[in-house]
Amino acid sequence: QSVDALTWDRDGDLWVTMRTSKSALEWDYAANTSSGVSTTAHTNGITSIISLSDGHILTSGRDKQIRIHDENGSLVQVLVNSSFPLLKLFTSSDESLLFSLTDNCRLDIHNTTSWEREQSMNLCSVGQGRSLQELGDRLMVGMSNGKVFSIDLVTLINEQQFTMQGE
């Protein structure tokens with residue numbers, strides 16, 4: 001089956017999410033086999049996974065949850081303040097902010113110290129979040145409808161938007 005998302009943890013192990021899976025699996029790269037460690041399950045499929053330098057493994061899912069796990073896959077906390085299925089996760093380069101994109105063009109911003117949602121931005125009326133990339137002091141957000149947004153990472157303000165050929 002397809003791998004939908006993957007990330008390397010701080011120990012050099014690969015975590016993968018499969019198309020029909022509700023949990024992420026740790027893959028021991030050196031041994032080329034599953035380590036037997038997994039995250040707790042979402043109620044719907046996982047859509048994204050990232051790891052933080054402190055060892056946390058974060059997963060998002062169509063169940064509107066962000067699940068925060070320790071490096072052994074044990075559940076630490078669940079963020080349930082999204083009203084829409086989540087598609088992508090991304091952290092700022094200093095890992096102080098967590099960005100999540102929904103399937104209805106919304107960007108949520110969480111503080112990774114308190115895990116509180118600091119801001120929610122409705123970027124457009126239609127379109128699904130496809131990509132997040134940090135470029136200097138900007139977060140570039142790409143949508144399935146061809147819209148691209150430039151968010152200032154200091155002020156968290158949508159400074160610019162433009163449209164490119166979409167799907």
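**Close-up views of a predicted model**

**View 1. Residues lining the largest pocket.** The lining of the largest pocket in this predicted model is made up of Asp4, Arg19, Ile46, Thr47, Arg62, Leu87, Lys88, Gln128, Gly129 and Arg130. The volume of this pocket is about 190 Å³. By residue class, the lining holds 5 charged, 3 polar and 2 nonpolar residues.

**View 2. Strands that contribute to the pocket lining.** Three strands, β5 (46-51), β9 (86-91) and β13 (129-135), each give at least two residues to the lining of the largest pocket.

**View 3. The disulfide between Cys105 and Cys124.** The whole structure contains 1 disulfide, which links Cys105 with Cys124 at an S to S distance of 1.6 Å. The torsion about their S-S bond is about 55 degrees, and the disulfide is therefore right-handed. The two cysteines lie 19 residues apart and connect distant parts of the chain. Cys105 sits in the loop between β10 (97-102) and β11 (106-111), and Cys124 in the loop between β12 (117-122) and β13.

View 4. Cys105 has a relative accessible area of 0% and is buried. For Cys124 the relative accessible area is 14%; Cys124 also counts as buried, because the term covers values under 20%.

Terms used:
Residues are numbered from 1 along each chain as its sequence is written. This is a predicted model: local features need pLDDT of at least 70, side-chain atom pairs count only at pLDDT 80 or more; totals for chains, interfaces and linings use all residues. Side-chain values use heavy atoms; hydrogens and water are left out. On a 1 Å grid over the protein atoms alone, a cavity is a set of points where a 1.4 Å probe fits but cannot get out, and a pocket is an open set with protein on both sides within 12 Å along at least five of seven lines; lining residues have an atom within 4 Å of a point. Grid points are joined across faces, edges and corners, and a volume is the space filled by probe spheres set on the points. Helices (H or I, at least four residues) and strands (E, at least two) are DSSP runs, numbered from the N terminus. Ala, Val, Leu, Ile, Met, Phe, Trp, Tyr, Cys and Pro count as nonpolar, Asp, Glu, Lys and Arg as charged, and the others, Gly among them, as polar. A disulfide is a pair of cysteine sulfur atoms within 2.5 Å. Buried means under 20% relative accessible area, exposed over 50%, partly exposed in between (1.4 Å probe, protein chains only).
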